[in-house]
Each structure stands twice: as structure tokens, then as C-alpha cells.
Amino acid sequence: MLDVPLHNLVPAYIREFEPYIPSKPDTELMKLYGCDRLYRLNNNENPLGPPAAAQDIVRRFRPPRAAIYPSGDSYYLRMKLGEKYNLNPDQFLFGNGANEVIAFVIKAFCQEGDNIITADKTFAVYEWVAVFSGFEARLVPLKDFGFDDEGMLERIDGRTKILFVCNPNNPTGTYWNESKLRRFLDIIAGRQIVVVDEAYCEFVENPDFPDGMKLLNEYPNLVIFRTFSKMYGLAGLRIGYLAGHQEVVDIIRRTCVVYSVNTVAQDAALAAVEDDSHVRATRNLVRLEKSYLKTALEPLNLEVQSGEGCFMMIKLPMSDTLAYRKFMSQGVMIRSMTGFRCPNWIRVSIGKHEAMKAFVAALEHILLPG
Amino acid sequence: MEVCLTKNGEKVSLKTHLDMTYFPLAMSFVEESAKAFGLGASEVIKLRLACEEIFAYLCESDQKHKAIAMEAENGIYYTGIRFLFDARNFDAHAFNLTAKISLDSETDMKQMGLIIAARSVERLYILHNAREGFGIGLLKEKTYPGVAEQVDAPAKPLTHYRIVSPDSETIKLFVRHTLTHYPSHLFPADFFYPGKIADMAASGRYHVLVASDGQEIAAGGIVWRMTGAGMIEIYGPYLFDQPREFHMAETLVDHLLMAVAKTDAVCLVDIFATPELPKGYFELLGSLDFFLSDGEKQLWPFYYRLHKEDPGSQAWAHPDLLPFLDEAYKRLFFARNILQTKYGGEERPPHAVIFPRFDKPQNIIRLRAVWDGIDFPDLLSRHIQIFKTEGIRNILFEIDLGHAWQANLAPALMKHNFVPKMILPYAGTGDMVVFQHTGEA
């Protein structure tokens, strides 16, 4: 029996915090659900995998290098991105996935009594990190599935430090165009840090979609998040980064954990970053399979929310967690959305055609028994 | 000996020893705390009576002369008293209701301290975990007036409404509307006292959402509470003459689910589901037979919703329970690795321990075994006899399939006329199976 007086030791905001329990490894899930294959359509992973050059890096990794520490600040990668985006390499900060850089930013700017503002139905980690760090997360309901700029501005007070905008938004796929983002930044006028999470920006082809990197020189309070987990297929290696004004990044660097990005991840990302053909191939696949999915869903008369990004949301006439179990029993893994505050919705990642066919077949089996 | 009085917000505590010398001190603590927390004079007497029985009982038990902490809690609608022991001194066997009773002797029956205590309060329970502590807890509720004879204007159909957390007056209005629109088996007994529901909401025991037009109109609502084991109990939704096309029931359920989305709740169970419960949100888990005080039997359906993605798990199962589990898991699409277990002549402790949780307003007793022992069948039979004497007709026994030894209790339960009625996935260390006593000897 545990004799440690946890009740007295643990802060209230940790006691009340819901821990995130990741799913079991695929092989374990397949055993439990009795399926002989599993299509992973739950995490928005790139079905094409990493670009060829990055795959080559992984394949050729020499085991003795595992004994050597990686570059503590992803030196060559920062040089490369500085060149690509015409920014100073010191304007970039890397983390063990974009999740880690979210924590860097919150730790750098928030203290007791401060708050952050974001949406109620968006990537959960902004809210999580704020709450389990003891800060208030003010959640503004989405408006027509999109971030509500007016609603966010109304919630700002003297203790607001950071506003998080997921652009395009995961899970709804909506986005702010350049003029809307500029207007928002103009009203904020540098009083707070504005983080624009562009994890899925490479999937957007519309010309009015803003490139945050190009706005950094105009808005010194702007911080951009990007990741190699989605378009570049390196989710398993955990590498993401932020970019911002140099003085802002210098502050964030104080909370940054160095050496948290491993050597393979840095080398693979370096190889991936210039591979435009991989971006084109992924966009083509996503476009094609989204179109297939929309057509296949039409006869089922389901509400669908499909915007930008490699995913779609579908509202089901049943509990999404029951749907998850039924999909799993047929070897298809989707994301249930109750945890995103979207009860009875599921999010399905866009995969290869075989996976999408399996998804549609499973959905029909679930909804149209017999 | 050390006596120490501390005050921490709405809790007051007293540290003393289990010795009859301190009996007056301990009872003064109970009485004065309860008065300070607003309990009425007759409730204070009943609470004191219960505490007298427990203190005296403990002074005669294995715990005598040992240190004890007494806590009094202001729960707004109740006063709670806890007798807490050091975990190292905690001998659960002493807390079996039947530990000191010979059922053959009427005199002994009358001296059942714990039973007498249970009669005087709304809830008696045993604490047995590191988070809450180790000991015995009592809960005595305030007395509230029933529904006043005021006539509320009927709720009007709302085409436009917002879902809001209501203030105290709106909660009472919502409860009064519920009483006039729904039969009593569709809401908890607490609803007969609107002021109590308002206090329960203020204490955080209940959470209430209502559909409102922005003024004082409560056109419908839904109520829930966290049970403390990762489960949320839901009551409703209740709608007052609202046309279906405005989807008020769906909106209420959606708002409830959004409100609890980021909590550590694992599942939700609607135990007072109305016909308005929208289709497609919950799964029918199963039904219990609920016996009213006049003996009438009603079907009591439980609607369930898992709050998280099922990661799959393993469940221990005695072969006798396999057919029930196989059917239930298949019907509910739960991925389970079932591990069969059976006693194989191995050494077992001599004495089992059964902990009861009395719920007097509902006339329900929920039993759980916390210790395995060879005498489990005999102990079970003695418990049933006591509850029959007490007139408790709804006797449930819950076993946790996360523990092999509990799974092995299934044959004894079935032999003593307990029937497996439903699985509550993830309600314990593993899934819980709820058995119901048939009422036969």
C-alpha cells in the first residue's frame, strides 16, 4: 500500500487533470479485437511514409552513432530552414515533436494567474499544457467549425499571455485566410503572443492561405509551429519546431530542453525538407481519396465536415466510442471525437485507397446491418 | 494521548484514541460540528446516535486504544463524519457487519452497532483506499421541505434556447417541473426536495444543465454526478412539453458530454433514462429488477456510453460465468482477453471481508468483497439474512474482473441466488459484474 501522502503533495490542478492514455501497440490491439490487419486511420499519419531521401537516412544510420549525442540545437536543420524561409537560423527552435515546443512557449510566457486563449474544439495539447502547468485555458467555441476571431479577442484580459490558433484547424479543417489573420494580428497589436500552429499547412493548396513564415518580420509577437510528423511522415521520430522573431525566440530558448531531438530525426528532416515531389504526391493522394470518400458517403446521408488537411470528420447516428469498437473489430482504427468535445463525430485520416475502401466497407457494415 | 483540533475550510477534525474515556469528547465533536454545519436538531441526534454506536463498537474491537482521526465535513446538504485509522492499524475483518454477531441470539442482533448506525443515517460506508483513507464513513442529510404548494406557470415550448448552468432558483423550478412531468421511477428520490437539489448542485454533488430562453424559463434539463470511480451517473434528460423538432434532448446531452469531455471520466451510465433520451448516444447495458417499498417490481434499464476509446483489456473469469460474459462482451463489442480462473486447492485465508454500501432512500444495498476467505459463502449468507431482517429488498453484489480472486466468487454468488445482470466496463480495476439477489432464500 502506498504510504506517500499524495493528496498533500500534488497540486490541485494536477489531481484534477485527465491523463492522456495512448492506445496500445497495433499488435496488441489486433490480438484483442481479433483482426488480422489494422488500417491506422486515427492519427493523420502520411500513408506514403517519409520522403525517399529521409527513408534512405533511416536505412543507412550507422549504429555506432547511437552512442554520440545529437546536435543540441539541430544546428544544420536551422541553417537549412533559415535559407529556405529567408530567416535567421536563430529564429528557429526545435523540439521532440511540436508538442514539446508548445510547452516551451507556455513555460516561457505564463506565470501564476495568467491565461491562454484557444478554441474549444481544436488540437488538445495547448489546453492540456496550460492546465497541467496551472494556468487557465480560455476556450472559445468554434463558429461554423472555424476559430472565432471576435470571440477570442473578447476573452483577452490583462493576464492573457498567448493566443493559440490552429491553422488549418485539426479536426475541422477550417482556416483563416491571410486577411483574417492579419486583421487579428493588427488588433492584438503586439500585446500578446499569437501562436499559429501550421502542422497541416503543407496540405493546403488554396492561394489565400497565409504563409506564417512570411509574416514574421511584420509581426514580432507571432510564433509559428510546424512539424515533420504530418506531410513529411516522420511522426515516429518526433521532430517539430517553432519560428518567431529573434528576441521572442531568445526568450523561449530559456525554457527549451536541449538534446531532445535525436540524430536520426534531425538528419531525416534535413533530407525531407527539400522534397517537393513528396509534397505533391501526398497532396494528390489526399485530394483523390477525399473525393472518393465524399462520394462514397453521400448515400449514407451523414453530416460531413471536410476542410483542409489529411482528415475528415463524420457525424454518426451512434456513440463515437461504440463506433470505434465496431470499426476496430473490423480492423479499421479511427479517432473518436468525444474527447475533442464533438460527441458522436469521428475523424478519419486519409489513407491509401485500400484503406479508404476498408473504411467505407466497415462503415456500411456498421450502419447498414444485413 | 494526543488530542488535537484542526480546522480546514469546511472540514473539522479531531484526533483522539479509541477509549471510552474520550467518548464524551468525541460525541461533542460530532454534535457541535453538525450544528455548526447547519444540521437540524433531530438530525443531529440521529447522527450522534449513529456515531455513539460506531465509537462504542470500535472501542470493543481490535482497534481499541489505537489512534483515530474523526473528520466532520460540511457537504452543504449533509454532514459527513469519518472515523479514520492509520493504514497500518487497519484490520478490515473487524468491520464485517457480522463479525461480532451470533444470528442465533436475539440479544446479539440488537447489539449490532454498525446496523443500528446504518438505520440512523442516509449512508454508511467503509473506506478502504489510499486516496480516501481507511475507516468508516457516515452521511446524515439535512431535512428539506417537500414541494411547496405553489403553482408554476407551465414551461412554454422554446424555439430558441441556450443551455446554461442554472442558479439555485432555476434549479428548483426545473425540479418542480420534473416532478409534474415525470413518474417517480424516472428521477432520484432527492428530486422530491427541490431545495436539496439546489444544495447538492452547490456542493458539487450534482451538476445541472437546463435549457433556458435567457430568463427564468427552464424548459428542460439534465443532471449528472461523478461517482468517484471514473463513472458518471446521468439522470434524464427531462423535457417539459418541448416539441421534438427543436432537438432539445440532443442538445442537452451534447452539452453534458462536452462539459465532461476533458475530465477523467471513463464512462457514463444513465440510470434514470427518460423516453426523451436521444437514440444513438447510449447503449443498453442491461436491466435490474427494482423492487419498490410496496414490493412492486419495475424494470430498471442502464444506458451506457464509454467515454474513451476502448484500449481493450483482460478479464478474469470463472468458467461458470463464461457464458454470461461471452454474450455480454460480444453484444457490447468490448475487446477482452478472458483469462479463466478456478480454485485449485491452493491455500486461502480463513476469513473473507464484505463491505456494504447502504443507500437508504433507494432501499438498495451494494456489496463488494475486499478480502478473500474460505468462509465467504457463510459470510454471504449471514449478510443476506441481516438485510432481509432490515427489509432491504434490492441487494446487489459487484465483483471486479480485474482481480482473479473476485472472479472466483462467482460460483458462491450464484449458489446463493445471485444472478449476473450486467457488466459495467471499466468500473473497477477491471470490468465490474453486477449480480442481483433474486430474493429467494
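**Close-up views of a two-chain predicted model**

**View 1. The interface of chains A and B.** In this predicted model, 26 residues of chain A are in contact with 26 residues of chain B (contact: C-beta atoms, placed from the backbone, within 7 Å). On the side of chain A that touches chain B, the elements giving two or more residues are α3 (26-33) and α14 (320-329) of chain A; helices (H or I, at least four residues) and strands (E, at least two) are DSSP runs, numbered from the N terminus. The most is given by α14(A), with seven residues. By class, this side of chain A has 12 nonpolar, nine polar and five charged residues (nonpolar: Ala, Val, Leu, Ile, Met, Phe, Trp, Tyr, Cys and Pro; charged: Asp, Glu, Lys and Arg; polar: the others, Gly among them). Residues are numbered from 1 along each chain as its sequence is written, and chains are lettered from A and ligands numbered from 1 in the order in which they are written. As the model is predicted, local features need pLDDT of at least 70 and side-chain atom pairs count only at pLDDT 80 or more, while totals for chains, interfaces and linings use all residues.

**View 2. Packing of α6(A) and α7(A).** Helix α6 (residues 98-109) of chain A packs on helix α7 (residues 125-132) of chain A at an angle of about 45 degrees, with the axes 10 Å apart (axes are lines fitted to C-alpha atoms, for helices over the stretch in contact; angles run from 0 to 180 degrees between N-to-C directions). The contact involves A:Asn99, A:Ile102, A:Ala103 and A:Ile106 of α6(A) and A:Val125, A:Tyr126, A:Val129 and A:Ala130 of α7(A). Seven of these residues are nonpolar, one is polar and none is charged.

View 3. Strand β16 (residues 353-359) of chain B pairs with strand β17 (residues 364-371) of chain B in the antiparallel sense over seven bridges (pairing: at least two bridges found by DSSP). Opposite B:Ile354 stands B:Ala369 of β17(B). In the parallel sense, β17(B) pairs with strand β18 (residues 394-400) of chain B over five bridges, where B:Ile395 of β18(B) is the bridge partner of B:Ile365.

View 4. A cis peptide bond, with omega about 25 degrees, joins A:Asn170 and A:Pro171; A:Pro171 is in the loop between β5 (160-166) and α9 (178-188) of chain A. The peptide bond from B:Gly236 to B:Pro237 is also cis, with omega near 5 degrees, and B:Pro237 belongs to strand β10 (residues 231-239) of chain B. A:Asn86, a residue other than glycine, has a positive phi near 55 degrees.

Conventions: Two residues are in contact if their C-beta atoms, placed from the backbone, lie within 7 Å.
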